[in-house]
Amino acid sequence: IEALRLESVDKVYGTEDNPVRALDSVTVGLAPGSFTAIMGPSGSGKSTFLQCAAGLDQPTRGRVFVDGAELTGESETALTKFRRQRIGFVFQQFNLMPTLTVYQNVTLPLRMAGKRSDRDRTTAMLRQVGLADRMGHRPSELSGGQQQRAAIARALVTDPRVIFADEPTGALDTKSARDVLQLLRSSVDHLGQTVVMVTHDPVAASYADSVMFLADGRSAGTLDKPTAETVAE
Ligand code: ADP
Ligand code: ADP
């Protein structure tokens, strides 16, 4: 079963008189344990792709499947439950809860998913991202790189089928960006995660197994085994 499948997905915003076709007949299938970068100019549909693929928005036409389960046509309640149990999110601005400690932030998705707040698992995740000694800190007491590593632990703690990362290195310095990309890479290599990452950065894209290019809402080709040089061309 593919980890993610979009079949002939259209997303049209705006009005009937003035439609904006954000996605136009997009069909993709991503294998479990793959790391895919989504690239394209501003306005090419990257965010819309992520929103539709992650069940945060419904396509206008076409079908979306995550791990074989169809998201299209599901109720908002069902989608929220599905996201909590099967999908991990990483954002450019980290989106940690400022009033909670790092430990509480990482364990939160387990509680939201109705799972036991598993101390061993949470601690193991924090160790894996190098934050074992920062568990009691608030996000504001961490560097940007540390906050994003906490966000990755948070995304992984429920063992989701797919992790969607939206410009995860956009707010980070070069060194922190590499650490974060390395963590995403090893979640694919060692945990068998599937990662879908929107990025502008050719270096970030070079950590992926393949790059899917979007242009005007359409798939404009893919590049396997990307390097920073080949992506930039
Ligand atoms: P990207 O992430 O690549 O910058 P987006 O997916 O944000 O592209 O946008 C794709 C197109 O859809 C753009 O033309 C954008 O203006 C339009 N768009 C995105 N979201 C909305 C919305 N909520 N309402 C109307 N148009 C939108
Ligand atoms: P709800 O707001 O319906 O309770 P959640 O807060 O459970 O949904 O969100 C489910 C997942 O989707 C969370 O990981 C959350 O961070 C993410 N999410 C929520 N809103 C957005 C958004 N606008 N864009 C991207 N991800 C989002």
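Around ligand 1, the shell is made up of 4 nonpolar, 6 polar and 1 charged residues, with Gly counted as polar. This is a predicted model, in which local features need pLDDT of at least 70 and side-chain atom pairs count only at pLDDT 80 or more, while totals for chains, interfaces and linings use all residues. Residues are numbered from 1 along each chain, ligands are numbered from 1 in the order in which they are written, and side-chain values use heavy atoms, without hydrogens or water.

Let's look at that shell, meaning residues with a heavy atom within 4 Å of the ligand. Among its members are Tyr13, Val20, Pro41 and the residues Gly43, Ser44, Gly45, Lys46, Ser47 and Thr48. Helix α1 gives the most, with 3 residues; helices here are DSSP runs (H or I) of at least four residues.

Now for the polar contacts, which are pairs of N or O atoms within 3.5 Å. Oxygen atoms of ligand 1 lie 2.7 Å from a polar backbone atom of Gly43, 2.8 Å from a polar side-chain atom of Lys46 and 2.7 Å from an N or O atom in the side chain of Ser47. Taken alone, ligand 1 exposes 560 Å², and the protein buries 59% of that (Shrake-Rupley areas, 1.4 Å probe).

The side chain of Gln51 places a polar atom 3.3 Å from a nitrogen atom of ligand 2, and Arg84 has a side-chain N or O atom 2.8 Å from one of the ligand 2 oxygen atoms.

Notes:
Polar contact = N/O pair within 3.5 Å; in protein donor to acceptor, adjacent residues only side chain to side chain. Helix = DSSP H or I, 4+ residues; strand = E, 2+ residues; numbered from the N terminus.
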